[in-house]
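Let's walk through this model together, from the whole chain down to single residues. Keep the viewer open as you read.

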Amino acid sequence: MSATSTDVRCRRQTVTVLFVDIVGFTGLVDELDCADVRDLQRDYFSTVSAVLRAEGGIVEKFIGDAVVAVFGTCGPDAGSPAGVRRAAAAAARAGLRVQEALRGRLLAGRHPVRTRVGLATGTAMVDLDETRDGGYGMVSGSIMATASRLQAYAPHDTVVVCAATQAASADAVAYQELPPVQVHGRSAPVELFRALHRLDESLVSALVLQACG
């Protein structure tokens, strides 16, 4: 563990960042009274946050219509290969559950929405003193921007992940490979995968035993 100052404890480790936002939010709120916007946001943020926390994520910030969460910052195996796999799988499951929770739901009792979720796994600086909900600046690094950019390429009502997230969580979630995309700031195209559904753990175990036998 390294310290960047005497007051802040930080360490470099691998985490998974989840970024979710509402499609067409600006156009939607332009037609609403500010009180209606507030009611919509409160319902949206509370619904999404509950799902993320249930899967072990920490909500780092709210930005307009976006929710940013981090997986894999805490725990005895945080940053280890097993911890990275567990965090990536939890984040992917959370993304799918967010879509399930919002599908067909009328926020504030009247507003249907469509969302996109992007996941990225990579190295970041983690501020251990901010690893809690609302820990703005808890995670620093390009991985935050990558997750935001990936969600912009997601088809509506889907979850897309980077290659590192897919590789780490392939035992827990089924994926479909998508065409690579050119992301701003990256010299080479970025591989994309769409999360389809959670894999049944009992089925996975049976397949492993069959392969070993």
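Among the contacts (heavy atoms within 4.5 Å) in the protein chain with a separation of 6 or more, 68% are between residues 24 or more positions apart. The model you are looking at is predicted, so local features need pLDDT of at least 70 and side-chain atom pairs count only at pLDDT 80 or more, while totals for chains, interfaces and linings use all residues. Residues are numbered from 1 along each chain as its sequence is written, and side-chain values use heavy atoms, with hydrogens and water left out.

The protein chain holds six helices and 11 strands; these are DSSP runs numbered from the N terminus, with helices being H or I of at least four residues and strands E of at least two. Of its 213 residues, 46% are buried, where buried means under 20% relative accessible area, exposed over 50%, and partly exposed in between, with a 1.4 Å probe and protein chains only. The protein chain exposes about 10,600 Å², and carbon and sulfur atoms supply 52% of that area. These areas come from the Shrake-Rupley method with a 1.4 Å probe, and for residues only the protein chains shown count as cover.

Now to the interior. In soluble globular proteins, nonpolar side chains tend to be buried together. A nonpolar core here is a set of buried Ala, Val, Leu, Ile, Met, Phe, Trp, Tyr and Cys residues joined through side-chain atoms within 4.5 Å. The largest one has 37 residues, and Tyr44, Leu52 and Phe71 have the most contacts inside it. Helix α3 (residues 81-102) gives the largest share of this core, nine residues. Take Leu52 as a guide: leaving aside neighbours within four places in sequence, its contacts include Leu18, Val59, Phe71, Ala94 and Val98. A second, separate core has 25 residues, including Val15, Val17, Val70 and Leu192.

Next, the strands, which count as paired if DSSP finds at least two bridges between them. Strands β3 (residues 58-63) and β4 (residues 66-71) are antiparallel and share five bridges, with Ile58 opposite Val70 in β4. Two residues lie between the strands of this hairpin, where Gly64 has a positive phi near 60°. Further along, strand β11 (residues 190-198) is joined to β10 (residues 173-181) by seven bridges in the antiparallel sense, and Val181 stands opposite Val190 there. Strand β9 is also antiparallel to β11, with two bridges; Val161 has Phe193 as its bridge partner in β11.

Which residues other than glycine take a positive phi? Ala108 is one of them, near 55°, and Asp157 is another, near 65°. Ala108 sits in the loop between β5 (106-107) and β6 (111-112), and at 34% relative accessibility it is partly exposed. Asp157 lies in the loop between α4 (142-152) and β9 (158-161) and is partly exposed too, at 26%.

Finally, look at the second largest pocket, which has about 200 Å³ of space. On a 1 Å grid over the protein atoms alone, a pocket is an open set of points with protein on both sides within 12 Å along at least five of seven lines, and lining residues have an atom within 4 Å of a point. Grid points are joined across faces, edges and corners, and the volume is the space filled by probe spheres set on the points. Of the 15 lining residues, Gly56, Phe71, Gly72, Cys74 and Ala87 are the closest to the centre. Helix α3 gives the largest share of the lining, four residues.

Notes:
1 Å grid on protein atoms, 1.4 Å probe; cavity = no way out; pocket = protein on both sides within 12 Å on 5 of 7 lines; lining within 4 Å.
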